[in-house]
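Dear colleague,

I am passing on the structure below, together with notes on what was found in it. Please read the notes beside the model.

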Amino acid sequence: MSDGAVSPKSRLVALLLCFFLGVLGIHRFYVGKTGTGIIWILTFGALGIGILIDFIMIIVGSFTDKSGAFLKNWET
């Protein structure tokens, strides 16, 4: 985990995936978090609460990819 590192993944893509397919955890698979993506599928997005938390974290820029780098870039 690197402090302050910026992920090459798009924040906009992650946000849209979370909004439209959050119950399937597709945004987590997108950033490389396969384990929690599977958990999201099995729990329907942690019963919706996890989706809401992820959505807010992506908006404020505190969501990270699998290596701990923050999703900061809005460009695709």
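**Helix packing, core and a buried serine**

Helix 1 and helix 5 pack with their axes 10 Å apart and at an angle of about 160°, where helices are DSSP runs of H or I with at least four residues, numbered from the N terminus, and where axes are lines fitted to C-alpha atoms over the stretch in contact, with angles running from 0 to 180 degrees between N-to-C directions. The two helices, helix 1 and helix 5, are therefore roughly antiparallel to each other, a term that applies to angles over 145 degrees. Helix 1 passes helix 5 in a left-handed crossing, meaning that the near helix is turned anticlockwise from the far one by less than a right angle.

This is a predicted model, in which local features need pLDDT of at least 70 and side-chain atom pairs count only at pLDDT 80 or more, whereas totals for chains, interfaces and linings use all residues. Residues are numbered from 1 along each chain as its sequence is written, and side-chain values use heavy atoms, with hydrogens and water left out.

At the helix pair, R11, A14, L15, C18 and F19 of helix 1 meet I51, D54, F55, I58, I59 and V60 of helix 5, contact being heavy atoms within 4.5 Å. Leaving out residues up to four places away in sequence, L15 touches F55, I58, I59 and W74.

The largest nonpolar core has nine residues, namely A14, L15, C18, V31, W40, I51, I58, F63 and L71; such a core is a set of buried Ala, Val, Leu, Ile, Met, Phe, Trp, Tyr and Cys residues joined through side-chain atoms within 4.5 Å, and buried means under 20% relative accessible area, exposed over 50% and partly exposed in between, with a 1.4 Å probe and protein chains only. Helix 1 (11–21) and helix 5 (49–60) are the elements that give two or more residues to this core, and helix 1 gives the most, with three.

S10 sits in the segment before helix 1 and is buried, with a relative accessible area of 3%. A polar atom of the S10 side chain lies 3.2 Å from the backbone nitrogen of L12, and a polar atom of that side chain lies 3.0 Å from the backbone oxygen of E75. Beyond its neighbours within four places in sequence, S10 is in contact with Y30, L71, N73, W74, E75 and T76.

By contrast, I56 in helix 5 is partly exposed, with a relative accessible area of 45%.

With best regards

Conventions:
A polar contact is a pair of N or O atoms within 3.5 Å; within protein, one must be able to donate a hydrogen and the other to accept it, and residues adjacent in sequence count only if both atoms are side-chain atoms. Angles under 35 degrees count as roughly parallel, over 145 as roughly antiparallel, 65 to 115 as roughly perpendicular and the rest as oblique.
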